[in-house]
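Work through the exercises below with the structure open beside you. Try each task before reading its solution.

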Number of protein chains: 2
Amino acid sequence: MRKFAAGRLKNALTRYLNNHTNLSSSQSRFLSSKTVLDSATSMADPSSSPVTLQTINPKVLKCEYAVRGEIVNIAQRLQQELLDKPGTLPFDEILYCNIGNPQSLGQHPITFFREVLALCDYPSILDKSETQGLFSADSIERAWKILDQIPGRATGAYSHSQGIKGLRDAIAAGIEARDGCPADPNDIFLTDGASPAVHMMMQLLISSEKDGILCPIPQYPLYSASIALHGGTLVPYYLDEASGWGLETSELKKQLEDAKSKGISVRALVVINPGNPTGQVLAEGNQRDIVEFCKKEGLVLLADEVYQENVYVPDKKFHSFKKVSRSMGYGEADISLVSFQSVSKGYYGECGKRGGYMEVTGFSADIREQIYKMASVNLCSNISGQILASLVMSPPKVGDESYDSYRGERDGILSSLARRAKTLEDALNSLEGITCNKAEGAMYLFPQINLPQKAIEAAKAAKTVPDTFYCRQLLNATGIVVVPGSGFGQVPGTWHFRCTILPQEDKIPAIVTRLTDFHKKFMDEYRD
Amino acid sequence: MRKFAAGRLKNALTRYLNNHTNLSSSQSRFLSSKTVLDSATSMADPSSSPVTLQTINPKVLKCEYAVRGEIVNIAQRLQQELLDKPGTLPFDEILYCNIGNPQSLGQHPITFFREVLALCDYPSILDKSETQGLFSADSIERAWKILDQIPGRATGAYSHSQGIKGLRDAIAAGIEARDGCPADPNDIFLTDGASPAVHMMMQLLISSEKDGILCPIPQYPLYSASIALHGGTLVPYYLDEASGWGLETSELKKQLEDAKSKGISVRALVVINPGNPTGQVLAEGNQRDIVEFCKKEGLVLLADEVYQENVYVPDKKFHSFKKVSRSMGYGEADISLVSFQSVSKGYYGECGKRGGYMEVTGFSADIREQIYKMASVNLCSNISGQILASLVMSPPKVGDESYDSYRGERDGILSSLARRAKTLEDALNSLEGITCNKAEGAMYLFPQINLPQKAIEAAKAAKTVPDTFYCRQLLNATGIVVVPGSGFGQVPGTWHFRCTILPQEDKIPAIVTRLTDFHKKFMDEYRD
């Protein structure tokens with residue numbers, strides 16, 4: 001046993017060091033300013049420290065998270081340079097297209113949601129006359145309703161471990177309205193965004209590296225990071241780029257059998273719909289195949305549905321996996337299904353509020369008890385996030401004072417996102433060697449770059465992978481931050497990057513111009 | 001390896017099932033209402049489910065968290081009974097003394113903090129005239145200042161993985177003012193309460209059951225739960241009840257050697273000061289001994305300092321471990337120290353906001369990089385919690401419009417807590433067979449009950465441990481919810497319970513009366 005553990009440690013450490021051959025770049029991943037560099041290196045002899053790369057948990061070493069990785073650290077350094085030495089770089093701002101973070105790029109919050117949150121934070125003003133002049137009547141009414149659902153109206157108290165019951169009632173009602181089939185508030189676990197919910201399920205399902213989780217490739221790196229942190233095995237299934245990132249059950253079957261032959265018990269299947277980083281919206285028939293596959297193979301279906309509000313094409317609709325499985329006649333007894341939702345995405349994009357929930361169905365009482373216990377250890381998720389999660393699932397209705405402004409804000413954001421997606425997609429597809437599937441939903445484009453051999457050699461010489469090489473050059477030339485495809489996984493030998501569609505519309509023409517100019521120059525330099 | 005893992009699984013499962021012999025009580029731990037019982041058991045044949053107690057992560061099974069355990073589930077059921085069948089129980093309300101959750105028991109939030117939070121949630125009202133009538137001038141000013149520290153004033157955006165830089169600056173300045181020695185904003189990691197920070201450090205330090213963490217006994221069960229979830233070994237050191245829960249380095253040394261002799265590498269030492277559940281405030285000399293011990297033995301010092309504002313006795317003061325270690329001449333190069341702070345405790349008690357931070361000092365750059373990566377996987381903590389964490393470390397100052405009301409609220413809460421602690425302590429000490437150390441700080445009393453043999457036999461017959469038996473009887477007779485000492489750990493053969501000092505002052509006399517009456521009857525029934 002000790003020999004095994006030591007071997008695993010050595011492997012993880014070797015992998016880690018191989019990935020971080022360039023020491024200064026490795027350091028820059030963490031160090032966001034000079035100050036921290038000074039203080040961090042002030043430990044005279046790090047080898048005498050009780051904590052070293054050799055003694056920490058090798059699962060932590062193994063974990064990678066590209067969305068905030070090397071490229072973003074370079075961007076933060078360049079941003080500091082823009083402040084310290086204006087005019088010395090070939091651009092005057094950094095355009096963060098690396099992360100689905102709409103409000104960081106100027107998107108405004110939905111007014112009604114923020115009115116209610118402010119009133120719940122400071123309920124003393126609810127019955128003052130000035131408040132009428134500052135807040136809409138229905139936000140005041142909604143705040144009262146929410147406060148009445150909180151025991152003692154105490155928004156500063158820990159709640160039930162699953163979240164405030166009245167808010168879970170509102171969420172369940174919202175799910176019922178969406179799906180047209182029953183939802184139980186006791187199946188809802190409110191969480192600080194979707195990430196902790198995903199970690200919780202991985203922690204439950206993974207005992208060792210013999211437990212596998214089927215994940216799409218490309219995938220959102222939260223999944224690979226969480227599986228690595230919990231010591232499981234990511235069993236990849238490849239989305240088919242040629243058919244618009246389609247998902248074939250034959251591929252699922254093949255990868256499952258392959259994993260089994262290696263002694264891996266596959267516990268669950270992750271599906272991200274709408275797709276991240278790929279932006280596709282699954283067809284209902286495809287979803288049925290997936291449900292059938294999970295049922296037949298005894299897999300938990302982990303459905304990442306955080307982009308359910310983000311669909312941009314008229315011929316596609318979002319269907320929840322719960323709705324699809326219920327429409328097939330499968331109930332609690334037939335399929336174990338967890339649906340993840342977040343307030344960070346949708347048209348609202350309230351990433352900083354860290355609200356979200358998972359709807360947990362089809363587990364036996366004793367397993368549900370274990371999930372409840374895990375939630376209890378962290379006491380509860382933040383109450384503002386809980387309130388917001390209930391609001392996004394029960395927004396203003398026709399006839400409410402806020403309805404028109406709410407609808408205007410929502411539709412304005414969604415239609416603008418659709419236009420931005422189309423403009424960027426067209427621009428990318430017009431470039432030499434780049435092909436880009438449509439962003440049917442979510443917030444991303446994931447173009448393939450057919451890199452010339454000379455660029456691949458140059459990347460090798462620069463001790464990096466070709467897509468990272470491309471993204472670094474793009475950043476240094478234009479200030480545009482995108483994430484290399486290698487951070488998400490891709491068919492070996494293909495190269496991609498993920499670019500969000502989130503910069504405000506007035507910035508899009510400049511992005512297109514900068515990207516086009518850069519790409520032409522890059523190809524001129526490296527064309528074979 | 002597989003054999004080893006299977007053996008471990010069997011052990012964990014056996015332990016789990018031994019602890020849950022009473023099925024209905026075990027189910028009630030999770031099931032908060034009839035609805036969920038129906039839906040949870042509607043899975044026709046749970047054994048056909050892909051997820052069973054035999055297949056999930058045995059570390060999850062092993063984890064226990066008594067603060068929200070069996071007693072609280074009974075309390076929730078009784079609360080429902082009070083609603084459904086009023087007048088049928090011997091009390092008319094449940095008094096939750098199980099958890100440090102002040103606002104759930106009627107404590108009001110600090111006005112200034114909530115004003116600022118509301119304004120940051122809905123900045124559109126900042127420059128409207130009505131706002132002047134509703135909010136204090138300095139809360140408006142502070143909200144502007146905070147918004148200016150947030151890139152794009154976007155309170156709805158993910159922040160830097162460690163938290164918003166300007167807020168970390170304010171926190172570092174607050175730490176400097178507290179300790180009189182420098183603090184670096186780049187050492188601060190803002191988190192959703194202290195719990196995720198503790199988990200992050202455990203995840204970093206624990207690779208296997210061969211990694212040990214020295215923890216006080218009694219301890220706050222977050223530590224035992226987190227160590228269990230990450231698969232490490234809790235190495236206990238016993239606090240000395242007879243000397244007011246003192247901490248002897250000879251005991252630390254003995255337990256460390258004992259662990260080493262079993263092949264366990266002890267990685268870190270947890271100290272909770274002021275103590276939870278024990279309420280003591282460590283003397284500075286004692287803290288020096290602990291620092292010296294950690295330095296000498298190469299242990300990370302994990303300092304839980306979330307009760308730093310809660311000190312009730314004039315002869316004791318809170319000193320941070322960072323201040324103490326710096327005063328001994330130990331800097332970054334000498335000791336690895338993590339200090340945990342939370343907005344849930346203190347006089348503010350904003351548990352529902354889930355704000356907190358850890359200050360990470362004395363780690364090498366490559367380890368800090370790993371901690372940063374772990375923080376990045378979850379993107380960031382909630383921004384309202386971040387703002388609040390900065391506010392509690394930089395409250396209004398003399399001369400600010402809010403200062404007088406702020407000071408009045410703060411001092412009112414702290415002096416009332418001191419009175420409540422004293423009244424409850426005196427009441428407990430007046431009871432037959434009960435001895436109770438002073439609550440010098442924190443929010444708890446941890447009395448020892450010298451239970452008669454007959455009560456111990458009765459507990460055995462009821463298939464439970466004696467302190468749980470006592471707490472159940474207390475709850476059923478009085479509606480008072482306390483947590484059995486076995487949930488925190490105690491010297492074998494001794495029995496305790498943890499009782500918060502948080503019920504509002506007008507409730508304290510009734511609690512004293514009910515507790516006294518119950519205890520007399522209990523002793524009359526079971527006295528040998």
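**Exercise 1: a helix and its packing**

Task: Find which residues of α8(B) are buried, and what they pack against.

Solution. The model is predicted. Start with burial, taken as under 20% relative accessible area. In α8(B), the residues that pass are B:Asp138, B:Ser139, B:Ile140, B:Arg142, B:Ala143, B:Ile146 and B:Leu147. Next, look for their partners.

**Exercise 2: helix span**

Task: Compare the end-to-end reach of helix α8 of chain B with the expected value.

Solution. Helix α8 covers residues 137-149 of chain B, 13 residues. The expected span is 1.5 Å times one less than the number of residues.

**Exercise 3: the interface**

Solution. Begin with the contacts: 122 residues of chain A meet 121 residues of chain B. Then take the area. About 10200 Å² is buried between the two chains, and carbon and sulfur atoms give 57% of this.

Now the polar links. The rule finds 2 salt bridges across the interface. One of them joins B:Asp121 to A:Lys353, with the closest N and O atoms 2.4 Å apart. Polar contacts between chain A and chain B number 37 residue pairs.

Finish with the chain A side. Helix α15 (residues 365-377) of chain A supplies the largest share, 11 residues. By type, the chain A residues touching chain B are 51 nonpolar, 47 polar and 24 charged.

Key: Residues numbered from 1 in each chain as written. Chains lettered and ligands numbered in written order. Predicted model: local features only at pLDDT ≥ 70, side-chain atom pairs only at ≥ 80, totals over all residues. Heavy atoms only, no water. Contact = heavy atoms within 4.5 Å. Buried area = accessible area lost by both parts, 1.4 Å probe. Salt bridge = Lys/Arg side-chain N within 4 Å of Asp/Glu carboxyl O. Polar contact = N/O pair within 3.5 Å; in protein donor to acceptor, adjacent residues only side chain to side chain. Helix = DSSP H or I, 4+ residues; strand = E, 2+ residues; numbered from the N terminus. Nonpolar A, V, L, I, M, F, W, Y, C, P; charged D, E, K, R; others polar. Buried < 20%, exposed > 50% of the residue type's maximum accessible area, 1.4 Å probe, protein only.
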